[in-house]
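Good morning, and thank you for coming.

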Amino acid sequence: MAIRTAVVGTGNVGRHALAHVITDPRFELTGVWVSSTGKAGQDAGTLAGLEDSTGIKATTDLDELLAAKPDCVVYTAMADNRLNEALEDYRRILAAGVNVVGSSAVFLQYPWQVLPAEPITPLEQAAHDGNASLYVNGIDPGFANDQLPLALAGACQHIEQVRCLEIVNYATYDSATVMFDVMGFGKPLDDIPLLLQPGVLTMAWGSVVRQLAAGLGIDLDEVREEYVREPAPDDFDIAAGHIPKGSAAALRFEVQGMVDGRPAVVLEHVTRLHADLRPDWPQPAQPGGSYRVEVTGEPCYTLDLQLSSPNGDHNHAGLVATAARVVNAVPAVVAAPAGIRTTLDLPWVTGTGRYLPR
């Protein structure tokens with residue numbers, strides 16, 4: 001029997017998640033929630049960029065979405081700039097007895113020892129009361145820094161450090177909110193954006209570090225963060241807007257899980273808006289960007305993950321991968337015990353039923 005599934009959000013990730021749910025016979029679409037009144041009333045197929053209509057019209061009312069009694073909600077709505085609202089959405093969905101898979105807020109990938117109890121407890125209580133599960137994942141945080149490094153670690157005699165890197169040019173990432181407001185690109189270097197406020201990196205990607213440490217049986221002493229930014233040498237434009245000369249145009253940060261003063265588990269991002277910025281920083285394995293896992297130990301491993309797509313560039317492929325990762329997890333999450341679930345709890349998410357020859 002198909003799993004009754006609703007989708008919340010039809011933006012950069014959500015439209016791909018919606019198309020996946022519509023076209024995958026494992027699922028029956030029950031509803032679509034949108035934040036824009038301009039999208040309200042449109043057919044889900046149109047919002048997903050598909051030719052066929054579904055008969056499901058988009059709504060801005062979450063209660064209406066839940067009234068259709070889905071088994072699971074795929075939640076991809078923006079959370080970075082509306083965190084409290086997103087957490088309340090999750091609480092309401094879980095309390096209604098509906099499972100959730102989501103791509104945000106990213107710290108919910110593994111929130112323990114990352115967040116204080118105040119934002120976690122209402123979600124755990126709602127999940128218990130509604131007998132429902134919540135799973136947040138994607139490509140990063142997610143697959144590139146949970147399943148991949150844990151798989152490599154499984155072929156080691158001993159491990160000294162696990163380092164996960166995203167090395168990506170974001171020039172084609174078309175979200176002004178993320179690029180300018182959250183990450184601070186195009187802003188003066190003395191203007192500290194949301195992402196770089198003290199503790200935010202540790203809160204967001206601390207979930208990666210804490211989960212990997214838990215999966216490897218490592219007790220961390222602390223989690224540290226550090227970053228450096230690079231100014232634009234000249235004016236230039238990106239998909240999201242204009243980057244003035246002298247404004248932030250590249251960012252490198254690390255979130256480090258420390259043991260005895262040494263970084264044991266590290267999440268590193270190298271983000272450029274122009275390929276020739278900071279050539280001394282780590283370079284991607286393919287033009288545009290890639291993910292990398294480095295395991296130092298016996299033996300050592302370096303694994304480069306290169307995303308591509310016949311329908312777009314590396315950033316497009318990353319959005320599709322994020323959507324596919326959470327949608328493919330729906331069956332496992334529906335079957336899981338109630339509560340906040342992680343990659344450490346679930347069976348490995350695979351592409352069962354996704355073979356579609358051209």
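How many aromatic pairs does the count come to? Before I answer, a word on the basis of this talk. This is a predicted model, in which local features need pLDDT of at least 70 and side-chain atom pairs count only at pLDDT 80 or more, while totals for chains, interfaces and linings use all residues. Residues are numbered from 1 along each chain as its sequence is written, and side-chain values use heavy atoms, with hydrogens and water left out.

The count comes to four aromatic pairs. The rule is that rings of Phe, Tyr and Trp, the last taken by its six-membered ring, pair if their centres lie within 6.5 Å; planes under 30 degrees apart count as stacked, over 60 as edge-to-face and the rest as tilted. One of the pairs is formed by Tyr-75 and Tyr-90, whose ring centres are 4.7 Å apart and whose planes stand at 45 degrees, so this pair is tilted. It links distant parts of the chain, with Tyr-75 in strand 4 and Tyr-90 in helix 4 (residues 83–95), 15 residues apart. Helices (H or I, at least four residues) and strands (E, at least two) are DSSP runs, numbered from the N terminus.

Are these two tyrosines buried or exposed? Buried means under 20% relative accessible area, exposed means over 50%, and partly exposed is in between, with a 1.4 Å probe and protein chains only. Tyr-75 is buried, with a relative accessible area of 0%, and Tyr-90 counts as buried at 0% as well.

Trp-205 and Phe-253 also form a tilted aromatic pair, at 5.1 Å centre to centre and with 50 degrees between the planes. Trp-205 lies in helix 8 (residues 200–216) and Phe-253 in strand 11 (residues 248–259), so the pair ties together parts that are 48 residues apart in sequence. Trp-205 is buried at 11%, and Phe-253 is buried at 1%.

Let me turn to the strands. Strands of a sheet pair through backbone hydrogen bonds, either parallel or antiparallel. Here, two strands pair if DSSP finds at least two bridges between them. Seven strands form an open sheet in the order 3-2-1-4-5-6-15, and the pairing is parallel. Strand 3 (58–59) and strand 15 (339–341) stand at the edges with a single partner strand each, so one side of each is left without a neighbour in the sheet. Within this order, strand 4 (residues 72–75) and strand 5 (residues 99–102) pair in the parallel sense over four bridges. The bridge partner of Val-73 in strand 5 is Val-100.

Glu-294 stands opposite Thr-302 in strand 14, and a hairpin of two residues joins strand 13 to strand 14. Pro-299 has its place in the loop between these two strands, and a cis peptide bond with omega of about -5 degrees joins Glu-298 to Pro-299.

That brings me to the backbone. Most residues other than glycine have a negative phi, and most peptide bonds are trans. A further cis peptide bond joins Ser-104 and Ala-105, with omega about -10 degrees; Ala-105 lies in the loop between strand 5 and helix 5 (117–130). The loop between strand 5 and helix 5 also holds Gln-113, whose phi is positive, near 65 degrees. Gln-113 counts as exposed, at 63% relative accessibility. Arg-278, in the loop between strand 12 (262–272) and strand 13, has a positive phi near 45 degrees and counts as partly exposed at 24%.

Finally, how many disulfides does the count give? A disulfide is a covalent bond between the sulfur atoms of two cysteines. With a disulfide taken as a pair of cysteine sulfur atoms within 2.5 Å, the count comes to zero. For Cys-164, the closest cysteine sulfur is in Cys-156, at 13 Å, too far for a bond. Cys-164 is buried, with a relative accessible area of 2%, and Cys-72 counts as buried at 0%.

Thank you for your attention.
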